[in-house]
Structure formats: C-alpha cells, structure tokens
Amino acid sequence: MTKTQSSKKPAETKIVMPVASFVLSLLGALMLAVFAFLTPVIALNGFVGAFFLPIGIAAGVLLLTALVLGIVGLIKSAKSKTSSGIVFAIIAIFIAAVSLVSTIFVVQNLVDAIDHPEKASQEKRQKENERTQKILANDADVTIGSAVIAADGKSGYLPVTVKNKTNQPKNFLVEIKAVTVDYTDYDVTDEVYTGVLNPQETFSENLFEVKLRETQYPSSVKSFEETRLEMLQTAKFEVKSIK
C-alpha cells in the first residue's frame with residue numbers, strides 16, 4: 001500500500017467507536033427508562049420482577065460499555081482531529097454518565113419498594129383514587145341506586161347509572177365496590193362498561209345480580225348466592241375506580 005493510499009483511510013473507520021458508544025448509550029438509557037417505569041410492578045410481583053430484572057442489568061452493562069467506548073473514542077478522535085467522532089463521543093459520554101447516576105436513584109427506589117411494598121401499593125391506590133375523583137368531577141356522574149330485592153327474597157341486584165356530563169363522546173369503565181357499614185371492604189366488586197356515550201347521555205346496568213338456587217349445603221353453611229344476597233341488603237356501595 002502506498003503512502004497516498006494509507007492517507008485516504010475511510011473517515012468512517014475513525015468514528016466507529018464514538019458512534020458505537022453513542023448507539024449503546026441511547027439503548028442503555030432507553031432500557032433504564034423502561035426499567036424505572038416498571039419498578040413499582042417489579043417490587044409488587046416477584047414473577048414479573050424475575051422477568052424484567054435482566055432489563056435493568058443489561059441497561060447498566062450497556063451504559064458502562066458506552067462510557068468506556070466513549071472515553072476511548074474521544075481520545076482517539078481528538079488525536080486524529082476527527083470532529084464528528086469527537087461530537088459523538090462527547091454526547092455518548094454525557095448520556096451514559098447521566099444515566100448511570102440515575103441508576104443509583106432507580107435502584108434505591110426499587111429497594112425501597114421491595115422493603116416497603118405496602119407503601120408502593122398505597123401510592124398506587126392514591127394515584128388511582130385521584131384519577132377517579134378527577135373523572136367524577138369533570139367527566140362523569142355515577143348514580144348508585146338502592147339494592148332491589150325480589151318480593152320472595154330470592155334474587156336481587158344493584159342498579160347503577162353512568163352519565164357523560166361532558167360535551168364530547170366518551171366511554172367509561174366503572175368499578176363499584178361493596179363495603180360494610182363501618183367501611184370495611186367486602187373485597188367484592190362489579191363493573192359496568194358504558195360503551196361510547198354521547199354528551200349528556202346515560203347508561204344503566206344492574207350489578208351484583210344474584211338469584212338463589214336449590215343447594216345441597218347444610219343449613220348452617222351459606223352458599224355464595226346467599227352471601228351475595230345478604231351483602232346486597234346490608235352493604236354500602238361506592239365507586240372504587242373509573243377509567
């Protein structure tokens with residue numbers, strides 16, 4: 001190879017490392033963002049955590065690799081005075097460094113969520129409740145009627161009506177829960193989906209429908225239907241969530 005040919009080495013080969021570090025830093029930052037978003041779910045569900053934990057590990061490896069390649073690429077690009085390589089390397093180093101620092105906070109949040117799962121669950125319920133209250137204030141009216149029990153006392157249901165009080169078509173999924181008179185959850189819910197409602201349109205549906213049937217259980221043992229019918233007669237009902 002002549003001197004002239006060697007001096008015409010393709011410019012692309014001089015920025016391979018900086019570009020590689022740039023790509024890896026972006027990929028690592030994206031994976032870290034996904035992992036951070038899933039942190040509450042990972043903490044509350046061990047199976048999900050086992051599935052998504054490798055994302056966090058892979059993100060850390062990619063970011064460390066990007067940081068090393070970026071530094072080496074910056075040095076080489078500076079020596080060869082390859083401006084594009086310098087730019088890619090600097091950007092990669094910045095993204096990788098910031099993301100690695102963010103990893104500390106992500107890991108800390110994950111540890112806190114694992115150590116205090118009730119706090120993560122409480123925060124999730126609080127956000128859901130805030131979203132529900134906002135929708136009820138601005139978008140929908142939910143009317144929970146009184147439980148209807150048949151004359152023979154063998155069947156019943158709870159009428160629920162949902163109204164779109166906006167000036168735009170909307171659909172709603174409303175979850176109703178039963179609570180005791182002292183507001184202890186029965187842990188029983190039912191849902192009503194309205195479909196698309198036009199402005200000011202209403203939709204009604206009967207929830208917690210139950211009908212007693214002949215049973216072989218001893219008289220001292222209540223069937224599911226008997227328990228549900230008793231709940232209709234004694235419980236209070238309220239909106240658990242609305243989407």
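This is a predicted model: local features need pLDDT of at least 70, side-chain atom pairs count only at pLDDT 80 or more; totals for chains, interfaces and linings use all residues.
Residues are numbered from 1 along each chain as its sequence is written, and side-chain values use heavy atoms, with hydrogens and water left out. Local features need pLDDT of at least 70 and side-chain atom pairs count only at pLDDT 80 or more, whereas totals for chains, interfaces and linings use all residues.

Side chains of opposite charge can pair when their charged atoms come close. Two salt bridges are present in the structure, a salt bridge being a side-chain nitrogen of Lys or Arg within 4 Å of a carboxyl oxygen of Asp or Glu. One of them joins Asp141 to Lys165, with the closest N and O atoms 3.5 Å apart. Asp141 belongs to strand β1 (residues 140-144) and Lys165 to the loop between β3 (155-164) and β4 (170-179), so the pair ties together parts that are 24 residues apart in sequence. Helices (H or I, at least four residues) and strands (E, at least two) are DSSP runs, numbered from the N terminus. Asp141 is partly exposed, at a relative accessible area of 33%, and Lys165 is likewise partly exposed, at 27%. In these terms, buried means under 20% relative accessible area, exposed over 50%, and partly exposed in between (1.4 Å probe, protein chains only).

A salt bridge is also formed by Lys177 and Glu238, whose closest N and O atoms are 3.6 Å apart. This pair links distant parts of the chain, with Lys177 in strand β4 and Glu238 in strand β7 (residues 236-242), 61 residues apart. Lys177 counts as buried at 17% relative accessibility, whereas Glu238 is partly exposed at 26%.

Ala178 stands opposite Phe237 in β7. Strand β4 is mostly covered, seven of its ten residues being buried.

In helix α7 (residues 224-234), the residues Glu225, Arg228, Leu229, Met231 and Leu232 are buried. Viewed down the axis of α7, the buried residues fall within an arc of 155°, so they line one face of the helix; the arc is that of the directions from the helix axis to the C-beta atoms. Gln233 also lies in helix α7 but is exposed, with a relative accessible area of 53%. The C-alpha atoms of Gln233 and Ser146 are 9.1 Å apart in space, while the two residues are 87 residues apart in sequence.

Definitions and conventions
Two strands pair if DSSP finds at least two bridges between them.
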